[in-house]
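This briefing goes through the overall build of one protein and then turns to a few points of local backbone geometry. Please keep the sequence and the model in view while reading.

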Amino acid sequence: MHCKDSTNIQEQNQISTKQRPIRILHVVGGMNRGGIETWLMHVLRHIDRDRFVIDFLVNTTKPCPYDDEVRTLGSQIISCPRASQPLLYGSNFKRILQKNESYDIVHSHVQHFNGYVLRLAKHAGVPIRIAHSHNDTSAVEAKASPTRKLYLNLMKWLISRHATIGLAASRPSAQSLFGSHWENDPRWRVLYCGVDLTPFRQSVDRQAIRNQLGIPVDAFAIGHVGRFEEQKNHEFILDIAALLAKKDADIRFLLVGDGPLRAQMQEKVDRMNLSDRVMLAGVRSDVPQLMLGAMDLFLLPSLHEGLPLVLMEAQAAGLPCILSNVITQEVEVVRPLMQRLSLSKSASAWSEALLTIKNAKPKITQTEAYQLVEQSSFNIHNSLKQLEALYLERSFNEV
């Protein structure tokens, strides 16, 4: 009788779980226009918000570009500052989870700090705890100080101990955070983040976009989208721009983004007399339109990456792409558009490669390129199906 009663209760709980929405708390630094945050916005816009309630825990008290839209879509922005002070951060985290309705899932996107976040989530009674690796930081870790390495190893141990699921943007990202034997642990898996391809089906007014930016309609514009930090290698981009300015009067550079190194890069542009050739456009909400109307080639000489979604957008726009060879081959959806170069090669060698593409005929049309990306795992609809299935599967298993 007791066994039968227990079974009935479990069935009732499963029905209750299916009827009520699954509550998910995503942990990020802040809802800025970065790759991770933009993917999360794609998820929030397209997910069934009757079945899934998504909130965002941010490590800042400052307003961020996506905050208003997050709230408009019915989600909360919850500030939990003091990440650099673990005891105070932990106290804030515990208070927030006690104050808000209980979450079924904590999905953390703060790389190594995921370890501490998920430890706090476990102690708060959150049953499903996801560590998400968005970057391959192995090269940076190898150069870390002994103190930094101690911290990184501690965080990886906490992730291994407290994560119920580990997701990674790419295979190198998985190995970087979950270890070289990650494939032997059923908790760890690759989930390709997706992009909303709708803007890439729309026509744009090339002349109007270029007029707005001050780029001549007949100029050959080399584009880059990324946060101004060391990882993105803007210094090298400007070295390439300086060489090309001497070789070809028709070439322009359009650099989209913001970050701690932006002022320093602007100073270099001015110092090298490149102001008429290089535009630092800041944060933009119209990146697809810029790719379709203002850019002729996409350049990404990053020092390391997880899996840059901006390359998916560049391919959907039909742009030839030159990227560093440290970036995972998983990004190559439209092979005719992709060319890799070693970071050990000089700026001169990179500039010659850019000139070669400028003078070559296109190998594929934008429509053909778009269709290949649309059919891939990087289409937000394909990516989201996998994420929803994961949330549902694990939530029901925890009942």
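**Overall build and local backbone**

In this predicted model, the protein contains 16 helices and 13 strands. Its radius of gyration is 23 Å, close to the 21 Å that the globule rule gives for 399 residues, so the protein is as compact as a globular protein of that length.

Dimensions and packing
- The C-alpha trace of the protein spans about 85 × 50 × 40 Å along its principal axes.
- Of the 399 residues in the protein, 53% are buried.
- When contacts between residues at least 6 apart in sequence are considered, 70% of them join residues at least 24 apart.

Surface and charge
- The protein exposes about 18,600 Å², and carbon and sulfur atoms supply 48% of that area.

Positive phi values in loops
- Gln-111 is found in the loop between strand E4 (105-108) and helix H5 (114-123), and its phi is near 50°, a positive value in a residue other than glycine.
- With a relative accessible area of 12%, Gln-111 counts as buried, because the cut-off for that class is under 20%.
- Asn-233 lies in the loop between strand E8 (220-225) and helix H10 (234-247), and its phi, near 65°, is likewise positive in a residue other than glycine.
- Asn-233 is also buried, its relative accessible area being 13%.

Note on methods. Residues are numbered from 1 along each chain as its sequence is written. This is a predicted model: local features need pLDDT of at least 70, side-chain atom pairs count only at pLDDT 80 or more; totals for chains, interfaces and linings use all residues. Side-chain values use heavy atoms; hydrogens and water are left out. Helices (H or I, at least four residues) and strands (E, at least two) are DSSP runs, numbered from the N terminus. The radius of gyration is taken over C-alpha atoms; the globule rule is 2.2 Å times the number of residues to the power 0.38. Buried means under 20% relative accessible area, exposed over 50%, partly exposed in between (1.4 Å probe, protein chains only). Contact means heavy atoms within 4.5 Å. Accessible areas come from the Shrake-Rupley method with a 1.4 Å probe; for residues, only the protein chains shown count as cover.
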